[in-house]
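My notes follow in the order I took them.

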Amino acid sequence: MTGERHIVVAAEPPDRAIAMDSITHANGEYGPGDVLIGASFAGIVAVQFAARYRPKAVIAHDCGIGLDGAGVNGLWFLDGAGIPAAAIDSASARIADGVDMWDRGVISVANHWARLLGVGPGMPVRDAVAGFFAWDGVPWADEAPREHRSVVGSAGGRPIVAVDSIRFALPEDRGAVVCVGSHGGRTAAAYALEIMPAGFISSDGGVGRDDSGINGLAILGEAGIAAAAVSVASARIGEGNSTYQDGVISFVNEIARERGVRAGDPARSAAKAMANGATVR
(Lines give C-alpha, C1' and ligand atoms only; values in the text may rest on other atoms or scores of the structure.)
Protein backbone atom coordinates (compact mmCIF):
# COMPACT_ATOMS: atom_id res chain seq x y z
CA MET A 1 0.00 0.00 0.00
CA THR A 2 1.27 3.46 -0.86
CA GLY A 3 2.57 5.30 2.21
CA GLU A 4 0.63 8.43 3.17
CA ARG A 5 2.05 11.21 5.34
CA HIS A 6 -0.31 13.36 7.40
CA ILE A 7 1.68 15.98 9.29
CA VAL A 8 0.11 18.63 11.51
CA VAL A 9 2.16 21.71 10.61
CA ALA A 10 0.08 24.31 12.48
CA ALA A 11 -2.66 24.27 15.09
CA GLU A 12 -4.88 26.78 16.82
CA PRO A 13 -7.34 24.46 18.57
CA PRO A 14 -9.74 23.35 17.30
CA ASP A 15 -8.18 24.28 13.94
CA ARG A 16 -5.34 22.29 12.35
CA ALA A 17 -3.35 22.53 9.12
CA ILE A 18 -2.40 19.13 7.70
CA ALA A 19 0.40 18.73 5.14
CA MET A 20 -0.02 15.77 2.80
CA ASP A 21 1.99 14.64 -0.22
CA SER A 22 -1.25 14.32 -2.20
CA ILE A 23 -4.63 15.97 -1.67
CA THR A 24 -6.08 12.52 -2.40
CA HIS A 25 -4.75 11.41 1.00
CA ALA A 26 -7.55 13.28 2.81
CA ASN A 27 -9.65 10.96 4.93
CA GLY A 28 -12.12 10.88 7.79
CA GLU A 29 -9.40 11.60 10.37
CA TYR A 30 -7.44 14.20 8.40
CA GLY A 31 -9.95 16.33 6.61
CA PRO A 32 -13.14 17.32 8.43
CA GLY A 33 -12.74 20.92 9.57
CA ASP A 34 -9.01 20.98 8.78
CA VAL A 35 -6.98 23.18 6.45
CA LEU A 36 -5.53 20.67 4.00
CA ILE A 37 -2.21 21.38 2.29
CA GLY A 38 -2.05 18.71 -0.41
CA ALA A 39 0.77 18.54 -2.95
CA SER A 40 -1.43 17.51 -5.90
CA PHE A 41 -2.65 19.75 -8.69
CA ALA A 42 -5.68 21.92 -7.87
CA GLY A 43 -7.94 20.44 -10.55
CA ILE A 44 -11.44 19.10 -9.94
CA VAL A 45 -10.44 15.45 -10.15
CA ALA A 46 -7.92 15.92 -7.32
CA VAL A 47 -9.70 18.31 -4.94
CA GLN A 48 -12.87 16.21 -4.95
CA PHE A 49 -11.00 13.70 -2.78
CA ALA A 50 -10.76 16.41 -0.12
CA ALA A 51 -14.17 18.06 -0.64
CA ARG A 52 -16.07 14.96 0.44
CA TYR A 53 -14.59 15.31 3.96
CA ARG A 54 -15.74 18.93 4.33
CA PRO A 55 -12.38 20.59 5.06
CA LYS A 56 -12.13 24.15 6.35
CA ALA A 57 -9.90 25.10 3.40
CA VAL A 58 -7.64 23.55 0.73
CA ILE A 59 -4.24 24.49 -0.68
CA ALA A 60 -2.81 22.57 -3.66
CA HIS A 61 -0.36 23.10 -6.55
CA ASP A 62 -1.12 25.08 -9.72
CA CYS A 63 1.05 22.63 -11.75
CA GLY A 64 1.76 25.33 -14.29
CA ILE A 65 -2.01 26.00 -14.64
CA GLY A 66 -1.85 24.48 -18.13
CA LEU A 67 -4.34 24.04 -20.94
CA ASP A 68 -7.75 25.62 -20.25
CA GLY A 69 -6.68 26.38 -16.68
CA ALA A 70 -7.13 22.71 -15.80
CA GLY A 71 -4.42 22.81 -13.13
CA VAL A 72 -6.53 25.12 -10.96
CA ASN A 73 -10.17 24.61 -12.03
CA GLY A 74 -10.85 22.78 -8.78
CA LEU A 75 -10.61 26.09 -6.94
CA TRP A 76 -13.94 27.15 -8.47
CA PHE A 77 -15.44 23.73 -7.80
CA LEU A 78 -14.59 24.41 -4.14
CA ASP A 79 -16.03 27.93 -4.45
CA GLY A 80 -19.37 26.30 -5.19
CA ALA A 81 -18.93 24.11 -2.12
CA GLY A 82 -18.28 27.13 0.10
CA ILE A 83 -14.68 26.07 0.73
CA PRO A 84 -11.83 28.63 0.57
CA ALA A 85 -9.03 27.30 -1.62
CA ALA A 86 -5.81 28.41 -3.23
CA ALA A 87 -3.01 27.04 -5.39
CA ILE A 88 0.70 27.65 -5.06
CA ASP A 89 3.17 28.46 -7.80
CA SER A 90 4.73 25.09 -8.66
CA ALA A 91 8.12 26.80 -9.01
CA SER A 92 8.00 27.73 -5.31
CA ALA A 93 7.75 24.24 -3.75
CA ARG A 94 7.96 20.60 -4.80
CA ILE A 95 5.01 18.70 -6.21
CA ALA A 96 4.18 15.61 -4.09
CA ASP A 97 5.80 17.11 -0.97
CA GLY A 98 3.27 18.67 1.40
CA VAL A 99 5.86 19.74 3.97
CA ASP A 100 7.84 21.60 1.30
CA MET A 101 4.63 23.40 0.35
CA TRP A 102 4.28 24.53 3.96
CA ASP A 103 7.93 25.57 4.17
CA ARG A 104 8.35 27.33 0.81
CA GLY A 105 5.04 27.52 -1.04
CA VAL A 106 3.81 30.86 -2.41
CA ILE A 107 0.18 31.37 -3.48
CA SER A 108 -0.43 32.00 -7.20
CA VAL A 109 -4.23 31.68 -7.52
CA ALA A 110 -7.04 31.96 -4.96
CA ASN A 111 -10.78 31.40 -5.21
CA HIS A 112 -13.51 33.82 -4.12
CA TRP A 113 -13.78 32.61 -0.52
CA ALA A 114 -10.00 32.65 -0.09
CA ARG A 115 -9.75 36.22 -1.41
CA LEU A 116 -12.52 37.23 0.99
CA LEU A 117 -10.17 36.12 3.78
CA GLY A 118 -7.28 38.16 2.37
CA VAL A 119 -5.49 35.22 0.74
CA GLY A 120 -4.00 36.07 -2.66
CA PRO A 121 -1.05 35.80 -5.04
CA GLY A 122 2.41 36.27 -3.54
CA MET A 123 1.37 35.19 -0.04
CA PRO A 124 3.37 32.44 1.70
CA VAL A 125 1.38 29.31 2.51
CA ARG A 126 1.98 29.88 6.23
CA ASP A 127 0.22 33.26 6.05
CA ALA A 128 -2.60 31.82 3.95
CA VAL A 129 -3.22 29.15 6.59
CA ALA A 130 -3.54 31.86 9.26
CA GLY A 131 -6.21 33.51 7.10
CA PHE A 132 -8.03 30.23 6.58
CA PHE A 133 -8.13 29.55 10.32
CA ALA A 134 -10.43 32.59 10.54
CA TRP A 135 -13.03 31.06 8.21
CA ASP A 136 -16.38 30.29 9.83
CA GLY A 137 -18.36 29.39 6.72
CA VAL A 138 -20.28 26.15 6.43
CA PRO A 139 -18.88 24.02 3.58
CA TRP A 140 -20.85 21.68 1.40
CA ALA A 141 -19.40 18.65 -0.35
CA ASP A 142 -20.43 16.61 -3.38
CA GLU A 143 -20.53 13.01 -2.21
CA ALA A 144 -20.32 11.58 -5.74
CA PRO A 145 -16.72 11.79 -7.01
CA ARG A 146 -16.09 12.40 -10.66
CA GLU A 147 -14.33 9.35 -12.11
CA HIS A 148 -13.60 8.80 -15.78
CA ARG A 149 -11.89 5.65 -17.01
CA SER A 150 -11.96 4.25 -20.53
CA VAL A 151 -10.07 1.94 -22.86
CA VAL A 152 -8.96 4.26 -25.66
CA GLY A 153 -6.97 1.87 -27.84
CA SER A 154 -4.69 -1.13 -28.00
CA ALA A 155 -1.34 -2.16 -29.46
CA GLY A 156 0.82 -5.24 -29.21
CA GLY A 157 -2.07 -7.10 -27.63
CA ARG A 158 -2.17 -4.63 -24.71
CA PRO A 159 -4.96 -2.18 -23.88
CA ILE A 160 -4.33 1.55 -23.65
CA VAL A 161 -6.35 2.97 -20.78
CA ALA A 162 -7.14 6.61 -19.94
CA VAL A 163 -7.96 7.60 -16.35
CA ASP A 164 -8.35 11.05 -14.84
CA SER A 165 -6.27 10.12 -11.79
CA ILE A 166 -3.84 7.26 -11.24
CA ARG A 167 -6.01 6.52 -8.20
CA PHE A 168 -8.72 5.35 -10.62
CA ALA A 169 -6.54 2.71 -12.30
CA LEU A 170 -7.56 -0.88 -11.55
CA PRO A 171 -5.64 -4.09 -10.80
CA GLU A 172 -6.59 -5.39 -14.24
CA ASP A 173 -4.58 -2.54 -15.75
CA ARG A 174 -1.42 -4.47 -14.95
CA GLY A 175 0.47 -4.81 -18.22
CA ALA A 176 -1.57 -2.08 -19.94
CA VAL A 177 -0.37 1.36 -20.99
CA VAL A 178 -2.05 3.84 -18.66
CA CYS A 179 -2.53 7.50 -19.65
CA VAL A 180 -3.39 9.56 -16.60
CA GLY A 181 -4.43 13.11 -15.84
CA SER A 182 -2.16 13.08 -12.79
CA HIS A 183 1.24 14.76 -12.57
CA GLY A 184 4.34 12.59 -12.95
CA GLY A 185 5.69 13.10 -9.44
CA ARG A 186 6.70 10.52 -6.89
CA THR A 187 3.25 9.97 -5.36
CA ALA A 188 1.76 9.20 -8.78
CA ALA A 189 4.64 6.80 -9.42
CA ALA A 190 3.97 5.04 -6.12
CA TYR A 191 0.36 4.34 -7.14
CA ALA A 192 1.49 3.20 -10.58
CA LEU A 193 3.88 0.71 -8.98
CA GLU A 194 0.92 -0.93 -7.25
CA ILE A 195 -0.51 -1.71 -10.71
CA MET A 196 2.71 -2.33 -12.68
CA PRO A 197 1.57 -1.12 -16.11
CA ALA A 198 3.65 -1.70 -19.21
CA GLY A 199 3.68 2.04 -19.82
CA PHE A 200 2.70 5.21 -18.02
CA ILE A 201 1.99 8.64 -19.50
CA SER A 202 1.14 11.58 -17.23
CA SER A 203 1.10 15.36 -17.25
CA ASP A 204 4.42 17.03 -16.48
CA GLY A 205 2.56 19.29 -14.03
CA GLY A 206 4.50 22.30 -15.24
CA VAL A 207 7.64 20.42 -14.08
CA GLY A 208 7.78 22.40 -10.84
CA ARG A 209 10.51 23.00 -8.31
CA ASP A 210 13.33 20.45 -8.32
CA ASP A 211 11.64 18.72 -11.30
CA SER A 212 9.08 17.38 -8.81
CA GLY A 213 6.34 17.13 -11.44
CA ILE A 214 8.29 14.51 -13.39
CA ASN A 215 10.64 12.82 -10.91
CA GLY A 216 8.37 9.80 -10.77
CA LEU A 217 9.45 8.86 -14.30
CA ALA A 218 12.87 7.78 -13.03
CA ILE A 219 11.27 5.82 -10.17
CA LEU A 220 9.16 3.91 -12.68
CA GLY A 221 12.20 3.37 -14.89
CA GLU A 222 13.98 1.64 -11.99
CA ALA A 223 11.05 -0.80 -11.91
CA GLY A 224 11.34 -1.44 -15.67
CA ILE A 225 8.29 0.64 -16.61
CA ALA A 226 8.35 2.90 -19.65
CA ALA A 227 7.15 6.33 -18.54
CA ALA A 228 6.70 9.73 -20.13
CA ALA A 229 5.00 13.03 -19.43
CA VAL A 230 3.12 15.42 -21.68
CA SER A 231 3.40 19.18 -21.52
CA VAL A 232 0.76 20.70 -19.25
CA ALA A 233 0.26 23.30 -22.01
CA SER A 234 -0.72 20.59 -24.50
CA ALA A 235 -3.33 18.62 -22.53
CA ARG A 236 -5.70 19.31 -19.67
CA ILE A 237 -4.26 18.08 -16.38
CA GLY A 238 -6.83 15.93 -14.60
CA GLU A 239 -8.23 14.45 -17.82
CA GLY A 240 -6.73 11.16 -18.92
CA ASN A 241 -8.43 11.34 -22.31
CA SER A 242 -6.84 14.73 -22.94
CA THR A 243 -3.44 13.31 -21.96
CA TYR A 244 -3.91 10.61 -24.60
CA GLN A 245 -5.74 12.57 -27.32
CA ASP A 246 -4.09 16.01 -27.03
CA GLY A 247 -0.83 15.47 -25.18
CA VAL A 248 2.60 16.15 -26.62
CA ILE A 249 5.47 14.34 -24.91
CA SER A 250 7.82 16.64 -23.00
CA PHE A 251 9.87 14.17 -20.90
CA VAL A 252 10.71 10.45 -21.13
CA ASN A 253 12.57 7.94 -19.01
CA GLU A 254 15.24 5.63 -20.39
CA ILE A 255 12.89 2.65 -20.84
CA ALA A 256 10.51 4.77 -22.90
CA ARG A 257 13.42 6.12 -24.93
CA GLU A 258 14.52 2.55 -25.70
CA ARG A 259 11.03 1.93 -27.08
CA GLY A 260 11.39 4.86 -29.45
CA VAL A 261 9.47 7.54 -27.51
CA ARG A 262 10.87 11.07 -27.88
CA ALA A 263 9.98 14.55 -26.70
CA GLY A 264 7.66 16.12 -29.25
CA ASP A 265 5.83 12.86 -30.03
CA PRO A 266 2.02 12.79 -29.75
CA ALA A 267 0.99 10.83 -26.67
CA ARG A 268 -1.11 8.55 -28.88
CA SER A 269 1.93 7.31 -30.78
CA ALA A 270 4.01 7.14 -27.60
CA ALA A 271 1.42 4.91 -25.94
CA LYS A 272 1.45 2.53 -28.90
CA ALA A 273 5.25 2.44 -28.92
CA MET A 274 5.26 1.57 -25.23
CA ALA A 275 2.76 -1.22 -25.76
CA ASN A 276 4.47 -2.65 -28.85
CA GLY A 277 7.87 -2.70 -27.16
CA ALA A 278 6.75 -4.19 -23.84
CA THR A 279 7.95 -7.59 -22.74
CA VAL A 280 5.83 -10.19 -21.02
CA ARG A 281 6.20 -10.06 -17.22
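**Entry 1: naming the elements.** For my element names I take helices (H or I, at least four residues) and strands (E, at least two) as DSSP runs, numbered from the N terminus. By that naming, P14 sits in the loop between β1 (6–12) and β2 (15–20). I also remind myself that this is a predicted model.

**Entry 2: the β1–β2 turn.** I stayed at P14 and looked at its backbone. The peptide bond from P13 to P14 is cis, and its omega is near 10°. On either side, β1 and β2 make a hairpin that has two residues between the strands. How many bridges join β1 to β2? I find six, and the two strands run antiparallel. As an example of the pairing, H6 is opposite M20 in β2.

**Entry 3: β3 and β4.** Next I went to a parallel case. β3 and β4 run parallel and are joined by four bridges. L36 has V58 in β4 as its bridge partner. Is β4 mostly covered or mostly open? Strand β4 (residues 57–61) is mostly covered, with five of its five residues buried. A general point I keep in mind for strands: side chains alternate between the two faces of the sheet in a regular strand.

**Entry 4: helix α1.** Seven of the eight residues in α1 are buried, so I note the helix as mostly covered. The buried ones are V45, A46, V47, Q48, F49, A50 and A51. What covers them? The cover includes β3, β4 and α2. For helices in general, 3.6 residues a turn means that residues three or four places apart point the same way.

**Entry 5: aromatic pairs.** I then searched for ring pairs, and the structure holds two. In one, the ring centres of F49 and F168 lie 5.7 Å apart with planes at 25°, so I call the pair stacked. This pair links distant parts of the chain: F49 belongs to helix α1 (residues 44–51), while F168 is in the loop between β8 (158–163) and β9 (177–183), 119 residues apart. Both F49 and F168 are buried.

The other pair is W113 with W135. Their ring centres are 5.4 Å apart and their planes stand at 50°, so this pair is tilted. It too links distant parts of the chain, with W113 in helix α4 (residues 112–116), W135 in the loop between α5 (125–133) and β7 (149–155), and 22 residues from one to the other. Are these two tryptophans buried or partly exposed? W113 has 26% relative accessibility and counts as partly exposed, whereas W135 is buried at a relative accessible area of 10%.

Entry 6: Rolling a probe the size of a water molecule over the atoms shows where empty space is left. Over the whole structure, the search turns up two cavities of 30 Å³ or more. The largest cavity holds about 130 Å³ of space.

**Entry 7: positive phi.** D68 has a phi of about 60°, and it lies in the loop between β4 and α2 (74–80). A96 has a phi near 70°, and its place is in the loop between β5 (85–88) and α3 (98–104). Which is buried and which is exposed? D68 is exposed, with a relative accessible area of 58%. A96 is buried, with a relative accessible area of 0%.

**Entry 8: F251.** My last stop was strand β12 (residues 249–252), where F251 is found. F251 counts as partly exposed because its relative accessibility is 31%, which falls between the 20% limit for buried and the 50% limit for exposed. Which residues does F251 touch, leaving aside those up to four places away in sequence? The contacts are D204, V207, I214, L217, A228 and A229. I also checked one distance here: F251 and I214 are 37 residues apart along the chain, and their C-alpha atoms are separated by 7.7 Å.

Conventions
Residues numbered from 1 in each chain as written. Predicted model: local features only at pLDDT ≥ 70, side-chain atom pairs only at ≥ 80, totals over all residues. Heavy atoms only, no water. Buried < 20%, exposed > 50% of the residue type's maximum accessible area, 1.4 Å probe, protein only. Contact = heavy atoms within 4.5 Å. Phe/Tyr/Trp six-rings, centres within 6.5 Å; stacked < 30°, edge-to-face > 60°. 1 Å grid on protein atoms, 1.4 Å probe; cavity = no way out; pocket = protein on both sides within 12 Å on 5 of 7 lines; lining within 4 Å. Points joined across faces, edges and corners; volume = space filled by probe spheres on them. Pairing = 2+ DSSP bridges.
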